Structure formats: C-alpha cells, structure tokens
2 protein chains.
Amino acid sequence: MKTLAAQVITPEDLLNHWQGHRALTRRVIEAFPEKDFFEFSIGGMRTFSKLTDELLAIAVPGLTGIVNKETKPFTEDSEKLIFKAQYLEKWDEATAIINEYWQKLSIEDFNETFNLFGQYEFPVIQNILYFIDNEVHHRGQGYVYLRALNIEPPFFWER
Amino acid sequence: MKTLAAQVITPEDLLNHWQGHRALTRRVIEAFPEKDFFEFSIGGMRTFSKLTDELLAIAVPGLTGIVNKETKPFTEDSEKLIFKAQYLEKWDEATAIINEYWQKLSIEDFNETFNLFGQYEFPVIQNILYFIDNEVHHRGQGYVYLRALNIEPPFFWER
C-alpha cells in the first residue's frame, strides 16, 4: 500500500547515502601523499589526518551512542594513528560497524530526541544528518588541500 | 496514529535543513571581502563567486524543474552578477522561491525518478540531497579560502 509505505527517504537509502559519502572520503584519504596527510594544511587549519580523526570520532561513537542510548562525551583521544594505512583500516572497521548498528534503528527512532555525546540534544535524524554534513564539509576542505598540492581529487559525484 | 505518520524525515524538516544550510552559505558569501569574492582562489579552483553561480544555477532551476517536470539543460549563463550585493539579493529571491515550490511536493514525489537537467536520472530525493551536499562541499572550500585570507568563517553548526 503506497500511502502506508511512502517515505521521503527510507532508512536503507539514508544508510546508502551516508556510506556513499564515506566511500568518497576514503578515496580522498587515499589520494593524499603519506607525508601531506599528516602535515599539509592551509591558513592554520587542521591537517587532513586531524580532520579524519574527528570524522572517525563522530561516526561510530555517535551512532552506537544513539543505538545504545549512551551519552559518553566526545573524544578524539582513543588511539593515536601514525600511518595512512591505519586510518584506512579503521575507516573500513567503522563502515562495517555502521552497517550493523544501523539495522537496530526503527523509523520512529529517527524522531526521538537524543543528547548526543551528552551535549547535543536533537532528534536522531538531525544528529545523523550532522554526521554526514560535517564529513562533506571537511572533505570539501580536503579537496582544496589536494588541489593546492597539485593532486586531482576524486569526482564528487562518484560514491 | 504514529505508525502511519512516522517519517525518517518529514518534507518540512528536510526543507528547514536545506534552508539552514543556505542561510549559512549566505553568511559565508557575506564574510568575503568584495574583491576576494570575485578574485581569490587556491590551486586553480574556481573563485567563491563562481561556486555561488553554480549553487544558484542548481537550487531554483533544479527544484522548479522537478516540480514542473521540465528537463531544461543546466546552465550558469542566465545573468552576469558583478557585485556581492547582487548575489545576496538573488540568494534571497531563491530562498523564497524554494519555500514556495517545496509546498508542491508530496511525500510520494520524493520517490519518483526524474531526469534532472535532462541529464541526471535519479529519484527526486537523491537529486535534492545532491543539491544540499554539493552546497556543503563547495562551502567547505569557501571556508579554506576565508582561512587563507585570515578571515574567521561563521560557525558550521550555526544555521
């Protein structure tokens, strides 16, 4: 029955949308030379490794927090990664965990208010859109770093 | 009845989400010095005025195309703006038109496939998420331009 089932976006499509962005961000990490990933920046901004620290500290801890209703504070201090390969490995682990935890969200859950990281009290859908937007925002900055390094970034529409 | 009404995201909240991003982009345009808006760039990329041309050429033409089921090709050549104030004025006109046309979309419409600009054949929801993501992506680049110009950008979470 169409009117019962109709969604602006289904949970499955929103997950694919997020993971599509995450796959693109992974390609941006790959595009950085090892040294520049940890050292290059513009205008006093964070390096792309530091920005990736933030993205990793948000995605799985944020989603598992939502699912488990845990409001642990935000932290980027879990472990210190020093090679790009470690970032890519952690990225792939996060991909699998996100896919697993996503299945535990019902449509109603997206409308529940949740105090993310004990600090951001918003409906779950807004928290998740923030995860995605924040990643697109910082990845856009990574594109400028790559261009400034004379490296062609991956196509934005390739997911 | 909750199960009938429950949405991952409602059309109204998705509109607010988009317009929140557009309000932030407007503040980024405002933050640029007049000259730098038209001339500054990094690594051979487009200036922020050129990026704004693209955003303006997507938002209203894209949404009205979806609503009117018109597949006119994408073009940025509608008119040549030469002052930041003209961009801000056109931005505000777009804000009002988006609000108006959004009301014509039913929940079912978001799942219809549409050949955007006669070129991108996807469900409407994917087209609209692309409008938003593309704006966040390019605005993130604008943040780097501002930082390189030693200008503090607006807070990302301020909508």
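How much area do chain A and chain B bury between them? In this predicted model, the two chains bury about 3300 Å². Carbon and sulfur atoms account for 68% of that area. Three residues stand out on the side of chain A: A:V8, A:D133 and A:H137. Together they supply 21% of the area that chain A buries against chain B, more than any other three residues. The contact takes 37 residues from chain A and 37 residues from chain B.

The side of chain A that touches chain B draws on several helices. Helix 1 (2-5), helix 2 (11-31) and helix 6 (124-148) of chain A each give two or more residues to this side. Helix 6 provides the largest share, with 14 residues. By class, 20 residues on this side are nonpolar, 11 are polar and six are charged. What kinds of pairing cross the interface? The rule finds 10 residue pairs in polar contact, both residues at pLDDT 80 or more. It finds zero salt bridges between chain A and chain B.

The two chains are related by symmetry. A rotation of 180° superposes chain A on chain B, with 0.0 Å of shift along the axis. The RMSD of this superposition is 0.0 Å. Such a relation is that of a two-fold axis. The same surface serves both copies, as 100% of the contact residues of chain A recur in chain B.

A:Y143 lies in helix 6 of chain A. Is A:Y143 buried or exposed? Its relative accessibility is 6%, so A:Y143 counts as buried; the cut-off for this class is under 20%. Leaving aside residues up to four places away in sequence, A:Y143 touches residues of both chains. In chain A, these are A:L24, A:V28, A:P153, A:P154, A:F155 and A:F156. In chain B, they are B:H137 and B:Q141.

A:S49 is placed in helix 4 (residues 48-68) of chain A. Its side chain joins that of A:T47 in a polar contact of 3.0 Å. Beyond four places in sequence, A:S49 touches A:F37, A:F38 and A:Y87.

Over all chains, the structure holds 14 salt bridges. One of them pairs the side chains of A:E39 and A:K35, at 2.9 Å from N to O. These two residues are four apart in helix 3 (residues 34-39) of chain A, and therefore about one helical turn separates them. Both A:E39 and A:K35 are exposed.

A:R46 and A:E54 form another salt bridge, at 2.7 Å from N to O. Here the two partners fall into separate classes. A:R46 is partly exposed at 35% relative accessibility, whereas A:E54 is buried at 11%.

In chain B, a salt bridge links B:E70 and B:K72, with the closest N and O atoms 4.0 Å apart. B:E70 counts as partly exposed because its relative accessibility is 36%. B:K72 counts as exposed, at 58%. Salt bridges can also share partners. A:R26, A:E30 and A:D92 are linked in a network of them.

Definitions and conventions:
Residues are numbered from 1 along each chain as its sequence is written. Chains are lettered from A and ligands numbered from 1 in the order in which they are written. This is a predicted model: local features need pLDDT of at least 70, side-chain atom pairs count only at pLDDT 80 or more; totals for chains, interfaces and linings use all residues. Side-chain values use heavy atoms; hydrogens and water are left out. Contact means heavy atoms within 4.5 Å. Buried area is the accessible area (1.4 Å probe) that two parts lose on being put together, summed over both. A polar contact is a pair of N or O atoms within 3.5 Å; within protein, one must be able to donate a hydrogen and the other to accept it, and residues adjacent in sequence count only if both atoms are side-chain atoms. Ala, Val, Leu, Ile, Met, Phe, Trp, Tyr, Cys and Pro count as nonpolar, Asp, Glu, Lys and Arg as charged, and the others, Gly among them, as polar. Buried means under 20% relative accessible area, exposed over 50%, partly exposed in between (1.4 Å probe, protein chains only). Copies are superposed by least squares on the C-alpha atoms of residues with pLDDT of at least 70 in both.
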